[in-house]
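Subject: Structure for your review

Dear colleague,

Please find below the structure that I am handing over to you. My findings follow it, and I would be grateful if you would read them with the model open.

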Amino acid sequence: MDKIQINGGCRLAGEVAVSGAKNAALPILVSSLLTEGACIYHNVPRLRDIESIKDLLSYLCADIETWDDTVRIAADGLCKTEAPYDLVRKMRASILVLGPLLARYKKARVSLPGGCAIGARPINLHLKGLAAMGARISLEHGYVEAEAEELTGDDICLDMPTVTGTENLMMAATLAKGTTILRNAAREPEIFALADALNQMGARIEGAGTSVLTIHGVEELHPAEITIMPDRIEAGTFMVAAAMTGGDIRLTRCEPAHLRSVISKLELTGARVETGVESIRVTGPERIASADIKTAPYPGFPTDMQAQFMVMMSVASGLSVITETIFENRFIHVSELRRLGANIRISGNSAIIQGAPSLSGAPVMATDLRASASLILGGLVAKGATIVDRVYHLDRGYDGIEKKFRKLGADIQRITR
Ligand code: EPU
């Protein structure tokens, strides 16, 4: 199993290009199931999660070719409509095949994803929405079994703005009979990107980016050529790295408008942020000032940036409170950050962090994707060596992170065995 070793204390400076967004690429690659013919995707990040979704689509008999950051997927002769446990358990986002399979092939059997490190993460809202569109759904032997001769549009109000739930229902509704209205829909930029991709395939989706989506069903979709949007969480992670190390990093190929809440919090910590058309430059302060954070659905502060901000607050000049409102167990990084010397106390869904002048390097263990990123950030500022174990979590969602950090001047290497 690979590890990452970091000798902390380097000020990071230079330029780094942001990769395509994992959480936009996953549903967009899956949307190829909705049509015959070959869809072409550019700017697809090189990640383990992308390999997992490609494995699942191949298992379903889609024909896939990859060259550089381009992927071609043709789901013409699909011969299976079942997503087995062994493929789904590797990545919860595999549940995204449920809506498209049901819409195009009238049936789907998808394994329930099972346990997750950051919370229970039920899929009841995906199922409730599909049932409202006429699907007969049962749970048998750990699988969701869904069938419908025809999906029909309905007026659906989600109990909460679930991201993959909105995506699943939006994809299913593109081929449903009549109009589907999705209320309290998620507003994340990745939802907008998926709606845009589906519209390029001939779908008729209105309101993407707002909490009410109107999807007029069409008879069929056609292939399209789509470029994946930049990864706002990868960008945010590098922005925190610049601030924490007192560095000066210019990010290119990114979308500043997607990062407004992150930028305003970073500015509170004393970092200077300058935005351009597709670029962001962050200059770190001499010492980070503390700031309170509360995660919320977009456009609020992203839960996927919570762990990275927590490690930054561990070296801030005062006390800060971070409140997690999306996932009930997303503080698993706290015990590992404590091993680096962070002073963090948990009270319910809040973490109270007393900043210290520095952290001290230690062996630590990655527990989930964003937790891993926080440990790398901790290692970058800690005194001495930090070894992060189980970095396969990191490889799920960061494209060549150690190479990018090395280019910025970090003393970081992957130890491969
Ligand atoms: N929820 C339900 N029922 C449902 C669906 C969701 O109760 O049917 C609850 C969840 O338990 C959670 C809340 O709703 O408390 C929000 O969860 P959501 O469904 O929005 O999360 P998700 O779609 O499973 C996506 C991202 C996550 C990101 C969250 C929140 C993808 C593939 N995953 O997950 O990304 O944290 O939205 O923004 O898009 C990551 O990249 O590290 C990651 C975990």
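The second largest pocket of this predicted model holds about 360 Å³ of space. It is lined by 21 residues, and those closest to its centre are K106, L175, V218, E219 and E220.

I then turned to the salt bridges, of which a search of the whole structure finds 21.

In one of them, the side chains of R109 and E82 meet, with 3.1 Å from N to O. This pair links distant parts of the chain, since R109 lies in strand 7 (residues 107–111) and E82 in strand 6 (residues 82–83), 27 residues apart. R109 is partly exposed, at a relative accessible area of 23%, and E82 is partly exposed as well, at 25%.

A further salt bridge joins K128 and D159 (3.6 Å, N to O). K128 belongs to helix 5 (residues 124–132), while D159 sits in the loop between strand 10 (155–157) and helix 6 (163–174), 31 residues apart. D159 is exposed, with a relative accessible area of 54%.

R232 and E190 also form a salt bridge, their closest N and O atoms being 2.8 Å apart.

Finally, D2, D395, E402 and R414 are linked in a network of salt bridges.

Yours sincerely

Conventions
Residues are numbered from 1 along each chain as its sequence is written. This is a predicted model: local features need pLDDT of at least 70, side-chain atom pairs count only at pLDDT 80 or more; totals for chains, interfaces and linings use all residues. Side-chain values use heavy atoms; hydrogens and water are left out. On a 1 Å grid over the protein atoms alone, a cavity is a set of points where a 1.4 Å probe fits but cannot get out, and a pocket is an open set with protein on both sides within 12 Å along at least five of seven lines; lining residues have an atom within 4 Å of a point. Grid points are joined across faces, edges and corners, and a volume is the space filled by probe spheres set on the points. A salt bridge is a side-chain nitrogen of Lys or Arg within 4 Å of a carboxyl oxygen of Asp or Glu. Helices (H or I, at least four residues) and strands (E, at least two) are DSSP runs, numbered from the N terminus. Buried means under 20% relative accessible area, exposed over 50%, partly exposed in between (1.4 Å probe, protein chains only).
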